[in-house]
Amino acid sequence: MLSQVSLDVYRFAVTRPGWTAAEASEALGYTSRMVDTAISELTARCLLLQQASDCPSYIAVSPEVALAELVDPDERTLLELRGRINARRREMSALTPAYVEARKRLAADPTVEVVEDKEKVQRVLIEYGRSATDRVLIARPGPGANADIHEESVEKDLDLLRSGVRRQTLYHASTRDHVPTRKAVETITAAGGQFRALPYVPLRTLIFDEKVAVVARDLHPGDVAGLVVRDPNLIRIFGLLFEFAWGLAEPFLTDNPGREDLTSTQRAVLTALAAGLSDEAIARRLGISVRTCRRHIAWMLEELGAESRFQAGIKAHKAGWI
């Protein structure tokens, strides 16, 4: 907004063509400094025009002419930018058929694609999850996700079930004690989803319609890469392994008679302990810390009255714990 002094100087300029700063100061009662500031403000807005570089007099310019003078360069720049954008859009649009055709060839190509980026892996899972029409098989090792992640995934799973897609999920047995996971399983089970649990789930795997499988590479603990498998022979093998594990697994929501004294995590620890695994291997398999694993082992040794891990395995069998 123009200052009051600038407005007064502009009104004066409109009625006095060829006026000078000294004349405006005397006529309006403003100091020379105030008038000079107003002149600078009006000139910057193209509302005043000095008659000549060596002449101290000014003439007023109409607001419409001043606006055109100010805006025209920006409008020209905007038009040029729009032209460049449209050219880029036409260029990219011409590539769309080639991209679609390449994606079709890729989908039909029996290869294994390594996807290193975690976000890209998620996009791949979302893409194939949405396009599933028959059955989705999921094996999920490690601890359960938090309630926020479950809330988002439950809605997607319910949409799949409503569209007639069958969903089978293998969880690690320890997640039975994880409240957010258990609540999500109860909700999806009520809609027709199937869940089972195993004391050991070796690899995160998702199989979509027996056409595509996404498998965690898992080279090291921090590895987030996924393998996108399109080879029908490999997918068939993953499917057979899943079916074999599914047959060995227990229903997720079924209680275990005679083993009420142990949590699912403790049963999984004890099963791995009886198999002769080290504390570090057990902790890695269950997705818990070594310290937590050892705390569970110490409690069970004391509860069973065992003096060694081997003796604990024998007594656990006798007690019906494993």
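The largest pocket holds about 1,800 Å³ of space. This is a predicted model, in which local features need pLDDT of at least 70, side-chain atom pairs count only at pLDDT 80 or more, and totals for chains, interfaces and linings use all residues. Residues are numbered from 1 along each chain as its sequence is written, and side-chain values use heavy atoms, without hydrogens and water.

A pocket is an open set of points on a 1 Å grid over the protein atoms alone, where a 1.4 Å probe fits, with protein on both sides within 12 Å along at least five of seven lines; lining residues have an atom within 4 Å of a point. Volume is the space filled by probe spheres set on the points, joined across faces, edges and corners.

Of the 14 residues lining the second largest pocket, P202, T205, L241, F242 and A245 lie closest to its centre. Helix α8 gives the largest share of that lining, five residues. Helices (H or I, at least four residues) and strands (E, at least two) are DSSP runs, numbered from the N terminus.

The largest pocket has 49 lining residues, with Q122, L125, R140, R204 and L206 nearest its centre. Helix α6 gives the most, eight residues.

Strand β6 contains H172. H172 is buried, at 0% relative accessible area (buried is under 20%, exposed over 50%, partly exposed in between; 1.4 Å probe, protein chains only).
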